[in-house]
Amino acid sequence: MLKDITLGQFFPGDSILHRTDPRFKVLILLVFIVAVIAAKSAFAFLAVGVLTVTLVAVSHIPVRIVLKNLKALIFILIFTGILNIFFYQGENVVFEWKFITVYREGLIYAAFMVLRLVCLVCGSFVLLTYTTSPLDMTDALESLLSPLKKIKLPVHEFAMMLTIALRFIPTLVEETDKIMSAQKARGADMESGGLLKRAKALIPILIPLFVSSFRRADELAEAMECRCYHGGEGRTRMKVMKCRVSDWVFLIIMLGICVGVFFVNGYGVRV
Amino acid sequence: MAYIDIKDLVFAYDEEGRSKIFDGLSLCLEKGSYTAILGRNGSGKSTLAKLICGILQPLGGSITVGGLATDREEELWQLRRSCGMIFQNPDNQIVASVVEEDVAFAPENLGVPSAEIRRLVDECLAAVDMTEYAKHSTYKLSGGQKQRVAIAGVLAMRPQCIIFDEATAMLDPLGRRDITARMKALNKEKGITVINITHYMNEAAEADRVIVLDKGRVMMDGTPREVFSHGDELRAANLDTPQITELCDRLIELGWELPRGILHTMEAADAIENYVKGQN
């Protein structure tokens with residue numbers, strides 16, 4: 001499960017979405033989210049639905065994998081649907097039984113809510129999570145947040161922390177495994193007992209893990225100093241993110257669709 | 001003037017200087033030399049490495065590296081750039097998740113232009129034969145490969161001196177032999193000053209000069225042959241000689257007439273052959 005967590009859920013590939021500048025992808029995702037949340041009418045949902053399907057199609061990510069992700073959310077989707085069907089107060093009653101009343105508006109609203117969640121999840125996964133490596137993502141965040149440096153927010157330090165955290169996750173997972181084996185070899189019992197007992201059994205794992213993490217951090221800091229690390233000032237990067245015309249075109253198309261969604265919000269079935 | 005010049009060094013980890021690691025250590029290392037520093041645990045050899053790189057500051061005395069003083073804040077980056085360090089644990093000195101990103105770390109810190117970094121990274125990865133791993137995840141490499149990446153990362157600063165602080169201690173025998181061979185190549189082919197701080201006598205035998213530290217002072221200083229011919233003194237300080245030297249020492253105790261301070265297997269074989277032939 002934790003074999004290659006550094007890559008997260010990133011699927012290497014060479015689709016349009018993979019090639020888009022990660023900074024633009026973050027911006028495009030923001031516009032996409034606004035469009036999906038703003039959608040209120042059937043036409044608007046048709047538009048964002050088609051948009052989401054198009055994004056999934058051009059990402060070259062197997063549909064199976066996208067659906068698998070949705071499956072994990074199935075409970076939330078059903079819950080949202082049922083809640084909205086039964087609790088939405090409308091005018092046209094479709095069904096009535098004892099204290100349960102289902103309105104036509106409630107059905108429509110529930111369908112819209114579920115559709116909205118599906119679009120949000122699928123869209124953001126193919127736009128960012130699946131098609132951007134975590135390293136590109138931290139670089140993009142550092143670059144996009146860099147104006148905040150003006151108000152003395154430690155943007156570079158934050159990005160550096162993320163990079164190092166990503167780098168050390170597999171190392172620490174491996175170490176946890178080792179410590180667990182070592183404690184098991186000494187007769188530690190981690191599987192039996194109630195929740196409280198099992199939580200207590202984790203202490204002999206967490207303490208050595210913390211101690212060794214601090215030692216690692218100390219050594220890493222020395223190693224970084226030895227390689228002339230002195231914060232973000234005057235630092236250059238090997239890979240310079242270059243935005244191309246196509247990135248701008250992509251962003252503008254997305255903005256256009258977003259405006260379009262606002263425009264068609266007044267047409268078709270709506271609540 | 002010597003490249004690394006240590007004068008009357010005083011150092012302690014507590015600021016009052018009660019338990020002193022060094023008390024008046026003086027040492028000179030020449031430019032382009034290949035030196036091994038030996039010493040048992042707690043003899044201060046790793047501390048010395050950190051003092052030379054300016055990670056620790058001396059309480060007294062001075063250290064200059066290539067004319068740069070370690071206690072001058074404004075010269076510190078210049079000094080660290082010219083004097084790189086490889087640490088013991090390969091995991092704790094790799095900063096990035098991808099090999100080439102890690103090699104690029106130092107030049108990025110130094111503000112080298114992007115295109116130049118690219119060139120440096122490719123060149124340094126080629127120098128340690130890791131080109132094919134450029135895009136690999138650092139975490140999946142073997143210990144020896146990680147140390148090679150670390151060497152590439154230091155080479156990317158174009159240093160004049162590299163200190164290996166027990167860099168082979170956590171490697172398997174193959175990785176150890178590989179890294180030791182690379183140290184020698186760096187010294188002989190690129191003219192880089194190499195300091196190898198080590199526990200392994202076989203590695204020390206490869207150097208041109210061996211310094212034995214004990215309780216913060218220089219106990220012995222000379223060529224490997226000179227140092228290892230004093231096997232008894234070394235053992236008294238809880239240190240060994242290379243296995244082959246020890247074998248010859250024991251044969252000498254049994255009355256064999258062999259020269260002292262033999263360092264290599266073939267050399268020992270020749271000496272024993274000569275002795276045995278002389279007997280017949």
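How many bridges join strand 1 of chain B to strand 4 of chain B? Five, and the two strands run antiparallel. Everything here comes from a predicted model, where local features need pLDDT of at least 70, side-chain atom pairs count only at pLDDT 80 or more, and totals for chains, interfaces and linings use all residues. Residues are numbered from 1 along each chain as its sequence is written, while chains are lettered from A and ligands numbered from 1 in the order in which they are written.

**View 1. Strand 4 of chain B and its partners.**

**View 2. Around B:I163 in the largest nonpolar core.** Such a core is a set of buried Ala, Val, Leu, Ile, Met, Phe, Trp, Tyr and Cys residues joined through C-beta atoms within 7 Å; buried means 20 or more other C-beta atoms within 10 Å of the residue's own, with C-beta atoms placed from the backbone. Of its 87 residues, B:I52, B:A152 and B:I163 touch the most other members. Helix 5 of chain B (residues 143-155) gives the largest share, six residues.

**View 3. Where chain A meets chain B.** The contact (C-beta atoms, placed from the backbone, within 7 Å) takes 27 residues from chain A and 34 from chain B. Helix 10 of chain A gives the most to chain A's side, with eight residues.

Terms used. Two residues are in contact if their C-beta atoms, placed from the backbone, lie within 7 Å. Helices (H or I, at least four residues) and strands (E, at least two) are DSSP runs, numbered from the N terminus. Two strands pair if DSSP finds at least two bridges between them. A residue is buried if 20 or more other C-beta atoms lie within 10 Å of its own, exposed if 12 or fewer, and partly exposed in between; C-beta atoms are placed from the backbone.
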